[in-house]
Amino acid sequence: MGYLFFISKITNPKLQVGLLTGIEPLDRITRGLWKGELGLIMGRTGIGKSFLALYFARTSYFNGLKVLYITEEMPKLQVCMRFDSSISGIEYRKFKYGEILPSEQDRWELRFKTDLDELYKMGARFYVSHIPVGCTLEVIRSEIEHIRISKGEKIDLLIKSNNEQLNHV
């Protein structure tokens, strides 16, 4: 079976793609994020790690996948506003300070009613969970299990923001 798998990768490279990140040079090198892989985004504070993680989440969501974004530091509402900003094209600052113009709100609502409704019908989901203290691997497993039981859905991509606070079980 190993030989046949290798041959199929060579003859059909487009079939051998993981979850694409939306960053073409990275996707070209890695062929996406693969099931069972652990990817870490590391860097100094304020460099854009959470922004990049949210971009990966957004790309996966727009590819019809079910995404669970777990955050310890950032409140759930802030993650959702950043996500809404990224899909609507409205500056995050306007969401944060309540400065969305009526024309921008109309555009945002139209986007939700058309494109995002279609994605929802295709099975795309974006779940956000805020676990401010005690975020262990067991707590993450229970969040995934809760979605599986309550919604009947299996998570395709888990994004855990702020990994330096992850407590080991």
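This is a predicted model: local features need pLDDT of at least 70, side-chain atom pairs count only at pLDDT 80 or more; totals for chains, interfaces and linings use all residues.
Contact means that heavy atoms lie within 4.5 Å. Local features need pLDDT of at least 70 and side-chain atom pairs count only at pLDDT 80 or more, while totals for chains, interfaces and linings use all residues; side-chain values use heavy atoms, without hydrogens and water.

**Helix H6**

- Helices (H or I, at least four residues) and strands (E, at least two) are DSSP runs, numbered from the N terminus.
- The end C-alpha atoms of H6 (residues 102-122) are 29 Å apart, which agrees with the 30 Å that its 21 residues should span at 1.5 Å a residue, the expected span being 1.5 Å times one less than the number of residues.
- Glu104, Trp108, Leu116 and Leu119 of H6 are buried, that is, under 20% relative accessible area (1.4 Å probe, protein chains only).
- These buried residues pack against helix H3 (49-62), helix H4 (76-88) and helix H5 (92-97).

**Nonpolar cores**

- A nonpolar core is a set of buried Ala, Val, Leu, Ile, Met, Phe, Trp, Tyr and Cys residues joined through side-chain atoms within 4.5 Å.
- The largest such core has 18 residues, and Tyr61, Tyr69, Val79, Phe126 and Ile159 have the most contacts inside it.
- H3 provides the largest share of this core, five residues.
- Apart from neighbours within four places in sequence, Ile159 is in contact with Ala53, Phe56, Ala57, Leu68, Tyr69 and Ile70.
- A second, separate core has eight residues, including Leu68, Ile70, Ile131 and Ile155.

Notes. Residues are numbered from 1 along each chain as its sequence is written. Buried means under 20% relative accessible area, exposed over 50%, partly exposed in between (1.4 Å probe, protein chains only).
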